[in-house]
Amino acid sequence: MSSLPASLVDELSALLGDGWLTGASERAAHGNDNSRRSALPDAVAVPSTREQVVAIVRACRAHRVPIVARGAGTSSTGAVLPTAGGVVVSFDRMNRILDIRAGDRCVVVEPGVLNGDLQRALAPHGLFWPPDPASAELCTVGGNLACNAGGPHTVKYGATRDNVLGLSAVTGSGELIRCGSATTKDATGYDLTHLIVGSEGTLALIVEATLKLAPLPPQRASLRALYLDVASAAAAVSRIMAQPVTPAMLEFMDAACIRLARDVGGADIPDAGALLMIEADGDAATLPHAVAVLAHAARGAGLLSLDTAPDEIASEKLWAARKALSPALRSIAPGKINEDVVVPVTRIPDLVDGIQALAREFDLRIVAFGHAGNGNLHANILFDPDDTSQDARAQAALPRLFALTLALGGTLSGEHGIGLAKRDFMVHAFDPATLAAMRAVKAAFDPDGVLNPGKVLP
Ligand SMILES: O=C(O)CC[C@@H](O)C(=O)O
Ligand SMILES: [Zn+2]
């Protein structure tokens with residue numbers, strides 16, 4: 001039974017018609033995410049216009065009812081779970097691509113458009129939007145904006161925050177604000193656009209975004225480098241990032257992930273201590289040089305083999321196997337915790353050594369793969385959730401992984417966000433004065449604390 005005030009239900013059902021959902025199955029379908037946790041909302045609102053979003057926020061605020069924005073629910077941190085009940089706002093019906101402006105290298109979209117659909121619409125214009133999370137076919141641009149999503153091409157093109165020019169959003173006060181513009185330079189006052197990106201629905205609900213686009217590179221080439229051990233691969237990552245040709249992708253897999261990519265993902269890779277996938281992009285004139293420079297940097301102590309993918313299909317196949325790692329790990333270890341810690345690139349060897357030490361100390365399997373060019377590794381703690389001792393050891397290892405990351409000058413999250421999962425570790429990442437500044441920002445945008453309560457800030 002819904003515990004919403006009757007007058008709120010009357011107002012929102014009249015406003016939204018068939019966009020007001022209260023059935024048990026509809027509520028359940030909007031109460032989970034990829035963190036494998038769940039929480040039931042009291043109702044689901046599916047607005048079609050920004051005016052409806054304004055009306056929903058104002059009505060909920062008047063009754064102090066929580067509001068949780070939701071794209072496709074692919075968050076792995078519990079960020080979209082309505083843990084305090086209330087109304088989930090689904091952006092399913094606000095999924096239009098409004099204006100592709102090739103000459104301005106930008107596109108205006110509604111938040112519910114799928115990342116993959118946007119890329120397909122942009123390709124005929126010779127453009128793409130750089131954020132490319134592994135879930136691109138499933139996740140929405142609004143969700144990408146909310147958690148500052150990344151992906152493999154972030155090393156060259158930046159994450160979501162680097163590729164947004166402007167936003168229209170509804171604050172927790174129910175005010176529609178517009179920040180940024182369709183320009184690539186802007187020195188006008190406080191930068192609210194980039195504050196809202198990554199705020200996980202705690203400051204405002206995004207109703208429109210002007211995204212910065214990049215020209216689709218005419219050609220790509222990829223290299224696969226196998227190394228004797230992680231230290232040799234990590235040294236190569238530092239060499240690659242220290243020279244002037246920025247790789248379009250620089251992905252890492254440890255020995256366990258190589259075996260999994262072969263056995264589950266069908267990739268044709270021999271055993272090795274570590275692997276790097278290195279991609280270059282450019283045109284016919286520049287690409288051969290870029291590949292030669294990157295190959296030179298990849299060579300060094302511990303290199304076992306360095307192969308150029310024979311064609312685009314071969315490199316797509318390797319990337320498909322890499323993308324399949326996260327679901328494959330879940331199938332062998334249903335209780336896995338996939339972290340996305342980041343360290344300065346030159347500290348990757350210390351991070352990997354530290355992870356291996358934690359695995360020994362807590363008697364756990366921890367495997368790692370990820371976006372080495374950004375120092376952003378997915379450390380996956382594998383365990384059987386039905387084994388209470390393993391579960392307890394995994395939970396105990398987690399704060400130690402974060403402490404290690406912070407000690408190396410890193411951050412808790414590179415692309416998945418904080419949500420619920422990492423909220424209580426924010427006190428270790430920030431001092432009290434910094435957290436107080438964040439809380440003051442939250443209060444300015446959302447004075448009654450109705451937007452996604454309990455997330456991000458401890
Ligand atoms: O499933 C996940 O947790 C996301 C993993 C994703 O960030 C990746 O790089 O494969
Ligand atoms: Zn990732």
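How much of the chain over residues 37–216 is helix and how much is strand, and how far apart are the end C-alpha atoms? Over residues 37–216 the chain is 21% helix and 26% strand, with 38 Å between the end C-alpha atoms. Helices (H or I, at least four residues) and strands (E, at least two) are DSSP runs, numbered from the N terminus. An unreviewed UniProt entry annotates residues 37–216 as "domain: FAD-binding PCMH-type"; such positions are given in the numbering used here, feature names are shortened, and annotations may be inferred rather than shown by experiment.

This is a predicted model, in which local features need pLDDT of at least 70 and side-chain atom pairs count only at pLDDT 80 or more, while totals for chains, interfaces and linings use all residues. Residues are numbered from 1 along each chain as its sequence is written, and chains are lettered from A and ligands numbered from 1 in the order in which they are written.

**Domains**

The protein chain is divided into domain 1 (6–90), domain 2 (99–215), domain 3 (219–311) and domain 4 (333–447), with bounds from an automatic or database domain assignment. Between the C-alpha centres of domain 1 and domain 4 there are 29 Å. Domain 1 and domain 4 each give 8 residues to their contact, where contact means C-beta atoms, placed from the backbone, within 7 Å. The side of domain 1 that touches domain 4 has 2 nonpolar, 6 polar and no charged residues. Here Ala, Val, Leu, Ile, Met, Phe, Trp, Tyr, Cys and Pro count as nonpolar, Asp, Glu, Lys and Arg as charged, and the others, Gly among them, as polar.

**Helix pairs**

Axes are lines fitted to C-alpha atoms, for helices over the stretch in contact, and angles run from 0 to 180 degrees between N-to-C directions.

| Helices | Angle | Axes |
|---|---|---|
| helix 1 (residues 6–16) and helix 3 (residues 50–62) | about 175 degrees | 10 Å apart |
| helix 9 (residues 255–263) and helix 12 (residues 325–332) | about 95 degrees | 10 Å apart |
| helix 13 (residues 348–361) and helix 14 (residues 388–407) | roughly 160 degrees | within 10 Å |

Angles under 35 degrees count as roughly parallel, over 145 as roughly antiparallel, 65 to 115 as roughly perpendicular and the rest as oblique. Helix 9 and helix 12 are therefore roughly perpendicular, and helix 13 and helix 14 roughly antiparallel.

C257, L260 and A261 of helix 9 meet L325, A328 and L329 of helix 12. That contact has 6 nonpolar, no polar and no charged residues.

Terms used
Two residues are in contact if their C-beta atoms, placed from the backbone, lie within 7 Å.
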